[in-house]
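Let's take a walk through a protein model together. Keep the sequence and the picture side by side as you read.

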Amino acid sequence: MHTVNAESRRVTQSVPSRLAVPAGVLAAVAAAFAYVGTVDPNEPGHYPACPLLRYTGLYCPGCGGLRSAHAFIHGDLPTALHANALATLGYLGFAVLWTVWVVHAARGRPLRIDPRPGLVWSLGALLLVFTVVRNLPFGGWLHP
């Protein structure tokens with residue numbers, strides 16, 4: 001019996017079939033951004049409030065993310081950065097990662113994301129510092 005490994009199957013697939021999953025992910029993200037771009041999060045009643053902010057008065061790292069996405073969609077980068085700078089950088093990071101994924105898929109190569117522990121810890125530390133600083137008195141410029 002002849003067995004075919006996943007690597008050889010991937011190379012023999014057509015380019016459109018290799019791009020189906022990245023295209024589906026892009027469609028889902030585009031639909032979410034289209035919704036947030038249409039339904040303004042600055043108007044009350046459209047989205048649920050952040051439970052951490054509601055019950056403790058503290059901003060979580062995601063607070064302002066929807067307002068950031070709304071401003072980003074409308075091309076207002078300063079407002080997007082003010083609402084949630086980390087989320088705005090995340091949108092750009094996603095775009096880069098998605099592009100690399102598409103190039104790999106088109107060439108028939110799997111995308112292997114294997115971040116080193118130092119990178120994971122650094123990103124976690126950045127998230128923690130962002131969260132703490134935006135809740136301190138001198139971090140008011142990071143409030144959504």
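This is a predicted model: local features need pLDDT of at least 70, side-chain atom pairs count only at pLDDT 80 or more; totals for chains, interfaces and linings use all residues.

You'll find W141 in the segment after α8, the helix covering residues 117–134. Is W141 buried or exposed? Its relative accessible area is 59%, so W141 is exposed, since the cut-off for that word is over 50%. Now look for P117: W141 and P117 are 24 residues apart in sequence, and their C-alpha atoms sit 31 Å apart in space.

Next, hop over to helix α7, which runs from residue 85 to residue 106. L89 has its place in this helix. With a relative accessible area of 51%, L89 is exposed. From L89 to Y47 you'd count 42 residues along the sequence, and the C-alpha to C-alpha distance is 22 Å. A95 is in helix α7 too. Its relative accessibility is 38%, so A95 counts as partly exposed. The C-alpha atoms of A95 and G139 are 28 Å apart, while 44 residues separate the two along the chain.

Now for the residues of α7 that meet other helices. Start with α3, residues 20–38. How do α3 and α7 lie relative to each other? Their angle is about 160°, and their axes are 10 Å apart. That angle makes α3 roughly antiparallel to α7. The crossing of the two is left-handed. On the α3 side, the residues in contact are V21, P22, V25, L26, V29 and F33; on the α7 side, they are Y91, F94, W98, W101, V102 and A105. Sort that contact by class and you get twelve nonpolar residues, with no polar and no charged ones.

If you look at the spacing of those residue numbers, here's a handy rule. An α-helix has 3.6 residues a turn, so residues three or four places apart point the same way.

Helix α7 has another partner, α5, which spans residues 65–73. Here the packing angle is about 55°, with the axes 9 Å apart. The two helices are therefore oblique to each other, and their crossing is right-handed. G65, S68, A69 and F72 come from α5, and they meet A87, T88, Y91 and L92 from α7. This contact has five nonpolar residues, three polar ones and no charged ones.

What about α3 and α5 themselves? They pack at an angle of about 90°, and their axes are 8 Å apart. That makes α3 roughly perpendicular to α5. F33, V36 and G37 are the α3 residues in this contact, and α5 brings L66, A69, H70, F72 and I73.

Which of its residues are buried? They are G65, S68, A69, H70 and A71. These buried residues pack against α3 and α7, and also against α6, which covers residues 77–83. Just after α5 comes G75, which takes a positive phi of about 80°.

Which residues make up the largest nonpolar core? There are five: F33, V36, A69, A87 and Y91. Helices α3 and α7 each supply at least two residues of this core. Leaving out residues up to four places away in sequence, Y91 touches F33, G65, S68, A69 and F72.

Terms used. Residues are numbered from 1 along each chain as its sequence is written. Side-chain values use heavy atoms; hydrogens and water are left out. Axes are lines fitted to C-alpha atoms, for helices over the stretch in contact, and angles run from 0 to 180 degrees between N-to-C directions. Helices (H or I, at least four residues) and strands (E, at least two) are DSSP runs, numbered from the N terminus. Angles under 35 degrees count as roughly parallel, over 145 as roughly antiparallel, 65 to 115 as roughly perpendicular and the rest as oblique. A crossing is left-handed if the near helix is turned anticlockwise from the far one by less than a right angle, and right-handed if clockwise. Contact means heavy atoms within 4.5 Å. Ala, Val, Leu, Ile, Met, Phe, Trp, Tyr, Cys and Pro count as nonpolar, Asp, Glu, Lys and Arg as charged, and the others, Gly among them, as polar. A nonpolar core is a set of buried Ala, Val, Leu, Ile, Met, Phe, Trp, Tyr and Cys residues joined through side-chain atoms within 4.5 Å. Buried means under 20% relative accessible area, exposed over 50%, partly exposed in between (1.4 Å probe, protein chains only).
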